[in-house]
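User: Hey, I'm new to this one. Can you walk me through it?
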Amino acid sequence: MKVLEINSIVGEDTLIYYRRNYTAVAEIEFFSDRQDVQIAFTIEINPFGQKTIYLEYPCGTDFDYPVLPVTKSIKEKIISMDNEGSLPI
């Protein structure tokens, strides 16, 4: 399993300055099958500067792979994209 790309990222307006909400599409490769998965995620920054990612899948999302490894890989990709500055503000 590999997260190839996260695209179609749309930021949502929020009144809380330390939280950023997004919706996106994650392109994931499961063995020889590629699948686009709708995701919604929030990046929250605590007072010490540490980032926490909250990830949600819309109801009815299913893929033939365990959810925890997929979620971990998507979160790692989101963190690297945020550190590179490629997420919209």
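User: Let's start with Phe 31: is it buried or exposed?
Analyst: Keep in mind that this is a predicted model. Phe 31 comes out exposed, because its relative accessible area is 68%, and over 50% counts as exposed.

User: Where is Phe 31 placed?
Analyst: Phe 31 sits in the loop between β2 (19-30) and β3 (33-45). Its phi is near 55°, a positive value in a residue other than glycine.

User: New topic, then. How many aromatic pairs are there?
Analyst: The structure has 4 aromatic pairs. One of them joins Tyr 17 and Tyr 18: their ring centres are 5.5 Å apart and the planes are at 90°, so the pair is edge-to-face. Tyr 17 is exposed at 77%, while Tyr 18 is partly exposed at 35%.

User: And what about Tyr 22 and Phe 41?
Analyst: Those two rings are stacked, because their centres lie 5.1 Å apart with the planes at 25°. Tyr 22 is in strand β2 and Phe 41 in strand β3, so the pair ties together parts 19 residues apart in sequence.

User: Are Tyr 22 and Phe 41 buried or exposed?
Analyst: Tyr 22 is buried, with a relative accessible area of 3%, and Phe 41 is buried too, at 1%.

User: Back to Phe 31: which residues are in a cluster with it?
Analyst: Phe 30 and Tyr 65; ring pairs link them with Phe 31 into a cluster.

Technical notes
Residues numbered from 1 in each chain as written. Predicted model: local features only at pLDDT ≥ 70, side-chain atom pairs only at ≥ 80, totals over all residues. Heavy atoms only, no water. Helix = DSSP H or I, 4+ residues; strand = E, 2+ residues; numbered from the N terminus. Buried < 20%, exposed > 50% of the residue type's maximum accessible area, 1.4 Å probe, protein only. Phe/Tyr/Trp six-rings, centres within 6.5 Å; stacked < 30°, edge-to-face > 60°.
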